[in-house]
Amino acid sequence: MPETSAGTASGNGAVAVRNGRKQSPLDAGLTWLDDRLGVAKGGRTFLDKIFPDHWSFLLGEIALYSFVVLVATGIFLTLYFVPSAAQVVYHGRYKPLDGVKMSAAYASTVHISFGVRSGLVIRQMHHWAADVFIGAIAVHMCRIFFTGAFRKPRELNWIIGVSLLFLAIVNGFLGYSLPDDLISGTGLRIAYSIILSIPLVGSYLAEFVFGGVFPGNGDIIQRMFILHVLIIPVIIAGLIGAHLALLVKQKHTQFPGKGRTEQNVVGSPMFPTFMAKTTGFFFMVAGVLWLLGGLAQINPIWQFGPYIPYKVSYAVQPDWYMGWLDGALRIMPSWEFAGFGHTIPFEVFLPGVLFPGLTATLFVLWPFIEQKLTGDRAEHHLLDRPRDRPRRTAIGAAALSFYFVLFCASSTDLLANFFGISLNIVLWSFRFLVIIVPIVVGLFTYRICLDMAGAPRVGKRKRAMVVLRTPEGEYYTVESEPRPGEGHEELEPAPVPDFIEGIAEGNGAGETEPGVRRVGR
């Protein structure tokens, strides 16, 4: 078969020929794909994407890889879980519950734990991955807040991150409630009361969601299951994809340092350096979650028993990410409004509906609030050090202490029992602490930031001073030599080339090596 400019294949079909050069089957396949999709230019740009080298950027990767583990373990659990409130009599491998009447959802969860090979490890791994996923997002958002990474042009990515955080919290609560054990059933009863407290539409909405007066007709299990395994995960996956797409489209933020400006990014390219590091980090995250699933017990539902509406467990708390909401519900005074034929229970509506709504709204609008207050509308690609922005850092520290006090308030009954004091005293203490602690923390943080900003060597390890004497008798001091590993050395940054190495195709002088194609970025 004669050769053409488009390329030919040899008689045995094993070697392709393009522009007079032989190609391996892999090269021929990639060339065929590039001729039709034009992926070489975009692929080169993607592989040249620069990622700064700083430990704080790993927080987002922990969240991403925890989500991957969540999906993988969730698929396994879905194969065995029965999302039904139908009553069955248990006759499984866990003998203490033998003959006990329970829902099919609870029975299937116990069966996964004791009757399915590796079921308990996978279920606990799934639970730990959910906790780590939400925690990593929260800490990652704190890093973004304190360093100012939410500023123009990254406001949209901040909104995506806030949406991911609250979707993850909601989905975590739904998954926590699916086993229909005594603890999760109590949480569902609280959720029912929160929905019921919404003025005007609360009673209708609660009846629609639960299929009647609590505990309803049992449809809530199937509805939560569909939301937990399908609808919300798809939304989360879409938001993660949008987040990563914006990350690639926009320049990555970086801390000020050697060779770093607002117009460049200094770090490691996607391929091969970052890809190798992030792959290893994925296996580290997955390995830690696997160890937690096998060695650290979490949510032992067989000890709690099946949910019975007239029973309430003592000395239990929800997963950590619901602690702030649980604490707000506990310390809220018993206020209500009654009139015009309606009752609004403020003790539930304010902490359970209005407070989370205001929290989410404030988080979403914060980039625009700060932009309005500071008048700063310029693009920023270099990050702030928290000490250099004392007002923002003080506000963030005060907010964190506020939510931490609410988190601690979710253990009021345990604290009262442990210290042997009145529960009423504990409640009133937290009502004062939730106001006093954030003010004190905010003022203290602001003062510390001002002091740190005025110190020239703050954040650096102090070296020993050597006292010397001149021949004339004068004394002076010099710093000692840095200890091994104390200095921070960086390679000289080199620009990313505009083209793949090589010159135009041709014969004679200037001919490229076989298989090299010149592709502009």
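1. Basis. Residue numbers start from 1 along each chain as its sequence is written. In this predicted model local features need pLDDT of at least 70 and side-chain atom pairs count only at pLDDT 80 or more, while totals for chains, interfaces and linings use all residues, and side-chain values use heavy atoms, with hydrogens and water left out.

2. Second largest pocket. Its volume is about 1,200 Å³. Of its 45 lining residues, F173, A191, I194, M322 and L325 are the closest to the centre. A pocket here is an open set of points on a 1 Å grid over the protein atoms alone, where a 1.4 Å probe fits, with protein on both sides within 12 Å along at least five of seven lines; lining residues have an atom within 4 Å of a point. The volume is the space filled by probe spheres set on the points, which are joined across faces, edges and corners.

3. Two or more residues each come from α6 (155-177), α7 (182-196), α8 (202-210), α9 (219-249), α12 (323-331) and α13 (346-374). Helix α6 gives the largest share, 9 residues. Helices are DSSP runs of H or I with at least four residues, numbered from the N terminus. By type, the lining has 33 nonpolar, 7 polar and 5 charged residues. Here Ala, Val, Leu, Ile, Met, Phe, Trp, Tyr, Cys and Pro count as nonpolar, Asp, Glu, Lys and Arg as charged, and the others, Gly among them, as polar.

4. Nonpolar cores. The largest core holds 77 residues, and F133, I137 and L406 touch the most other members. Helix α5 (residues 119-147) supplies the largest share of this core, 12 residues. Apart from it lies another core of 9 residues, including Y94, M102, Y106 and V110. A core is a set of buried Ala, Val, Leu, Ile, Met, Phe, Trp, Tyr and Cys residues joined through side-chain atoms within 4.5 Å. Buried means under 20% relative accessible area, exposed over 50%, and partly exposed in between (1.4 Å probe, protein chains only).

5. Contacts of I137. Leaving aside residues up to four places away in sequence, I137 touches A63, G161, L164, L165 and A168. Contact means heavy atoms within 4.5 Å.

6. Helix α15 (residues 412-419). Its buried residues are T412, D413 and A416. They cover an arc of only 100° around the axis, so they lie on the same side of α15; the arc is that of the directions from the helix axis to the C-beta atoms. This buried set packs against α12, α14 (390-409) and α16 (423-453). F418 and F419 are exposed on the face turned away from the buried side. Just after α15, G420 has a positive phi of about 65°.

7. Cis peptide bonds. One joins F214 and P215, with omega about 5°; P215 is in the loop between α8 and α9. Another joins F271 and P272, with omega about 5°, and P272 lies in helix α10 (residues 270-295).

8. Most residues other than glycine have a negative phi, and most peptide bonds are trans. S118, not a glycine, has a positive phi of about 65°. S118 sits in the loop between α4 (104-115) and α5 and is partly exposed, at 47% relative accessible area. L200 has a positive phi near 70°. L200 belongs to the loop between α7 and α8 and is exposed, at 65% relative accessible area.
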